Every structure is written in C-alpha cells, then in structure tokens.
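Thanks for making time for this one.

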Amino acid sequence: MMVAFGQTICLLTAGIDISLGSIVSLTNVVCVLLMNTDAAGGWIPGVLAAMAVGFGCGALNGYITYQFKLSALIVTISMQIVYAGFALLFMPVPTGSMHMGFYHFIKFKFFDAIPNSLVIMLIVLIIVRRLFRRTPFGKAVRAIGGNQQSAYSAGIHVKKTGIMAFAISGLLCGLGGIYEAIYINSGDPTIGMGMQMNAIAASVIGGVSMLGANGDFLGTMFGVFIFTMISNLLNLNGIDTNYQFLIKGIVLIVALAISSIKNKEE
C-alpha cells in the first residue's frame, strides 16, 4: 500500500519510479541494522533512519530527473540498481531481528480485530490524500503533471515541486520497508523486489492516469485490494509462480489499455 501510494505520487507528476522496490529493500535493511533490540527506545534510531533514507533516495531521484531534465523512467531504472546494491552491501544475507516492543505495538489489534497497522495505513491515506488534493503543493504537483511548461508559466517552481513529490514517495517506501521488517521480523536485502511493478498495476487499476495529473489515492487503495485479492486467489488455487507472473502481467497490460482508451476519450 505504501509503495502504491508512492508510485501514485510519481504518476501524478507524469513521471514514474522504478526504484521504489529497491528503496523498500534498502530502508528495510537500514531499519534492522540500526535497531537496538535491548533498549526501551531502541526502535527509534532504526525507524527514523529508514524514513530519512527513503526520503533521501526519493529526493535524489527527483533531483537528478529535474535538474538534468532526464526521463524519470531512465533515472529510476539506474537508481534501482544503485539502491539494491547498497542493500546487499549492508546486508548480504537476511539477518537481524526487530525490537519486540515496537513489533508488538504494530501488531496490536483493537478489540482483537483491528490491527494497528491498518489504523496507521488509514491515517497515511488521509494525510496524503488531503496533501495532494487540498493544498497548494498538491495542486502544483498535478499542474506539472498536466503540463510542465504551463505550470512554469503560472509561477510554479517545477524543479522544487517535482523533487519534493519524489521525496515524499521515497518516504512512503521507507514506511513500507519498516513494516516489511516487522512482517518478517528481520532484514532482507531483496524484500522489495518487484514491488514497484505491483504498485504501478495497483495505481492504474485504481484509476490513476499514466499521463499525469489525474488520480486519487482512494482509488489506489482499492487497486491494491483488488491486485492483492488476485494474488491470493492464484495462491489458493495452487497456480504455479511462473504463471502468476504471466497473469499479473496481463492484468497490468489490460489496466494500461483501459487507461489509454479512457484518456483518448477525454
């Protein structure tokens, strides 16, 4: 969900970020490595560092893209390799463990039914949806996604806005990396592999335009639910993993085709 929200932000700028999965892997590794499992507040350095690394990676992607006027696709494909390399450099094999206090806090369920992680996700949804729909910054992001030249002529600082959009996207992936550390109770330098493609599929299924400017995080959330449901159905029916990739690829192609047809009609 966090990676899909991050990808939605990039798509709103008429860009894309292929490195988001690697950012999840890197922040997952950083979170676990800097986690002091013996101290009461030992989770704080790991969590803050993971968020800072995610924000920094996203900002770097945005800076390279907008400073040198390069394609976000090419830049983030390249940076994907860099971040994945750092993750493997810091942690060659899965290892480490989470701070148990923080682990139990995230895993806690209200009334034995509503997990804390779901509450946090809804809070993040409300914040990012309001930020990108109601604030001048959010409107500026959609403006540069619609037409950069027009946005510049309207007085919008395109480079600054674009960099910040990518940075927030990276920050959300940092949250995803933290949750993955909790989910598997360890660090894994390859945990984010392929997430960026699933995030694109979920965003497009949720109605986010690949051409920029148009899209809603609420739609992305439902896109994630639909895409996850498809994955669960394939697993429950014992479909071979190789065929699962094929089916997911077809779903993504169909979603892109529908999005393209819709954009042409508009």
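Which residues form a nonpolar patch on the surface? Bearing in mind throughout that this is a predicted model, the patch is formed by L33, L34, V82, F86, L89 and F90, which together have about 560 Å² of accessible area. Its largest share, four residues, comes from helix α4. F86, which has its place in α4, has a relative accessible area of 40%, and because that value lies between the 20% and 50% cut-offs, F86 counts as partly exposed.

The largest nonpolar core has 33 residues, of which V3, M98, F102 and I178 touch the most other members. The elements that give two or more residues to this core are α1, α2, α3, α4, α5, α9 and α10, and the most comes from α2, with eight residues. If we take I178 and leave out residues up to four places away in sequence, I178 touches C31, V47, A50, M51 and F102. Apart from this core lies another, of 15 residues, including M2, M121, F132 and A165.

Finally, I would like to look at a polar residue, S203, which is found in helix α10, residues 195-205. Is S203 buried or exposed? Its relative accessible area is 0%, and since that is under 20%, S203 is buried. The side chain of S203 reaches the backbone oxygen of A199 at 2.8 Å, and, with neighbours within four places in sequence left aside, S203 is in contact with A4, Q7, T8, L11, V208 and T220.

Terms used: Residues are numbered from 1 along each chain as its sequence is written. This is a predicted model: local features need pLDDT of at least 70, side-chain atom pairs count only at pLDDT 80 or more; totals for chains, interfaces and linings use all residues. Side-chain values use heavy atoms; hydrogens and water are left out. Buried means under 20% relative accessible area, exposed over 50%, partly exposed in between (1.4 Å probe, protein chains only). A polar contact is a pair of N or O atoms within 3.5 Å; within protein, one must be able to donate a hydrogen and the other to accept it, and residues adjacent in sequence count only if both atoms are side-chain atoms. Contact means heavy atoms within 4.5 Å. A nonpolar core is a set of buried Ala, Val, Leu, Ile, Met, Phe, Trp, Tyr and Cys residues joined through side-chain atoms within 4.5 Å. Patches are made of residues with over 30% relative accessible area and no salt bridge: like charges are joined within 9 Å, nonpolar side chains (Val, Leu, Ile, Met, Phe, Trp, Tyr) within 5 Å. Accessible areas come from the Shrake-Rupley method with a 1.4 Å probe; for residues, only the protein chains shown count as cover. A salt bridge is a side-chain nitrogen of Lys or Arg within 4 Å of a carboxyl oxygen of Asp or Glu.
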